[in-house]
Amino acid sequence: MKFKAMTAVAALLVAAPMLGMADEEAELVVNGEIEMVTKTDAPAHLEGALPEIMSGWRFRSDETQQTQMDDFDNPGMIFVDQAQAAWDTAEGSEGKSCASCHNDVESMEGVRAVYPKWNEEAGEVRTLAMQINDCRENQMGAEPYKYTGNEMTAMEALISVQSRGMPVNVAIDGPAQSTWEQGKEMYYTRYGQLELSCANCHEDNYGNMIRADHLSQGQINGFPVYRLKNTKLNGSHARFKGCIRDTRAETFSPGSPEFVALELYVASRGNGLSVEAPSVRN
Amino acid sequence: MMKWIVAAVVSGVPVLAAAEPVTPTDVSFDDYGSVEESLTGTPGDAANGAAIVGNKKAGNCVACHQVSALSDVPFQGEIGPMLDGAGDRWNEAELRGIVANSKMTFEGSMMPSYYKTSGYVRPGDGFTGKAGSEPLPPLLDAQQIEDVVAFLATLKE
């Protein structure tokens with residue numbers, strides 16, 4: 001913290017001439033109509049940790065920011081279209097499609113905003129991906145999607161689009177609380193040989209450059225995100241895995257109970273930001 | 001040179017044995033985190049140290065620090081303080097301590113410990129994401145630490 005002032009000056013001198021830096025004050029309106037909250041007061045549980053929360057969109061370059069402002073420019077929307085076709089396609093031993101039970105995908109409005117969520121019957125916290133596979137296996141008699149596969153991220157994106165602009169609002173109390181606590185502990189654990197926690201980078205240093213990367217708060221309100229780097233949609237667990245690997249640590253697996261807990265906790269840090277998926281990042 | 005011979009004699013280590021580097025578990029930090037004794041007995045090579053500081057696959061110090069002396073290295077980070085003048089602010093023993101294990105000087109520092117091999121949470125095998133087994137190879141070896149210290153000592157305003 002004590003170097004913030006110094007580094008801010010240095011940033012002006014050094015970083016400004018680079019690749020069209022992010023405009024952290026820009027506002028995101030998608031298709032000229034969906035007004036996204038990309039910066040707002042932090043939820044109460046973050047008191048003392050963060051004064052305000054910001055979407056990763058704010059930290060990206062002008063060009064990347066613009067790509068997310070219109071669905072025709074957003075490459076992630078191609079995958080949403082593919083998932084729309086999958087939504088209507090019957091698969092598995094029951095001969096059913098998602099539409100057979102859920103009708104139009106618009107019925108999924110509001111769902112993304114509250115996931116991960118406690119499932120009473122199963123007695124577990126479920127991510128959206130877990131719920132999708134639960135329906136595939138137990139309702140349709142179909143093969144589950146690979147947790148981080150393209151079909152899964154596309155379906156998550158399609159369901160998320162139904163909630164675009166709605167505030168993230170995951171529950172952290174009641175039966176979800178112990179999972180949330182586990183995720184919180186992980187967030188502050190300094191993993192790997194570099195001994196770095198999520199908080200070291202995304203709480204203490206957002207806005208700063210780490211080598212060529214402009215650090216954001218590591219929020220997941222925009223997931224799944226389309227990354228220009230690998231030209232596909234990426235789920236949050238794939239991102240967690242990459243960040244932990246970069247600390248020279250043994251990672252956890254996508255879909256593991258640890259990453260489910262971490263997802264719940266990280267999602268809750270974004271309570272109040274808009275559901276943005278599919279967002280665009282570098 | 002003089003310094004480590006003296007140190008070696010004082011600590012009762014025969015001068016010849018100084019050819020064996022001090023192992024990561026044997027480094028002795030004083031109360032302020034300084035390390036008086038050279039880790040190798042061979043003076044550091046500042047030019048090599050500069051290369052280690054700037055290289056992504058070696059020290060990668062510029063991921064977090066800006067160094068004007070390395071202005072040809074692109075994308076210098078802003079996590080830690082600028083290293084310009086580090087050679088005025090710290091003496092050699094202090095610099096050695098900071099590079100070997102900065103947490104002995106700055107409690108809880110975000111800066112990685114470059115000469116440490118165990119005591120990690122989920123240690124990995126490099127950047128593979130797979131499990132590694134302790135003791136891990138240190139991030140820099142003893143002579144690399146000495147080279148980096150020699151380079152830092154040249155950073156005077």
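Colleague: How many aromatic pairs are there over all chains?
Modeller: The count comes to nine aromatic pairs over all chains, where rings of Phe, Tyr and Trp (its six-membered ring) pair if their centres lie within 6.5 Å. This is a predicted model, in which local features need pLDDT of at least 70, side-chain atom pairs count only at pLDDT 80 or more, and totals for chains, interfaces and linings use all residues. Residues are numbered from 1 along each chain as its sequence is written, chains are lettered from A and ligands numbered from 1 in the order written, and side-chain values use heavy atoms, without hydrogens and water.

Colleague: Which residues form an aromatic cluster?
Modeller: One such cluster consists of A:Trp180, A:Tyr187, A:Tyr188 and A:Tyr265.

Colleague: And which ring has the charged end of A:Arg136 over it?
Modeller: That is the ring of A:Tyr145, with the charged end 4.0 Å from its centre. The criterion is NZ of Lys or CZ of Arg within 6 Å of the ring centre and within 35 degrees of the ring normal.

Colleague: Changing topic, what is the strand order in the open sheet of three strands?
Modeller: The order is 10-9-11 in chain A, with mixed pairing; strands are DSSP runs (E, at least two residues) numbered from the N terminus, and two pair if DSSP finds at least two bridges between them.

Colleague: How many bridges join strand 9 to strand 10 of chain A?
Modeller: Three bridges join these strands, which run antiparallel. A:Val225 has A:Asn234 in strand 10 of chain A as its bridge partner.

Conventions:
Rings of Phe, Tyr and Trp (its six-membered ring) pair if their centres lie within 6.5 Å; planes under 30 degrees apart count as stacked, over 60 as edge-to-face and the rest as tilted. Helices (H or I, at least four residues) and strands (E, at least two) are DSSP runs, numbered from the N terminus.
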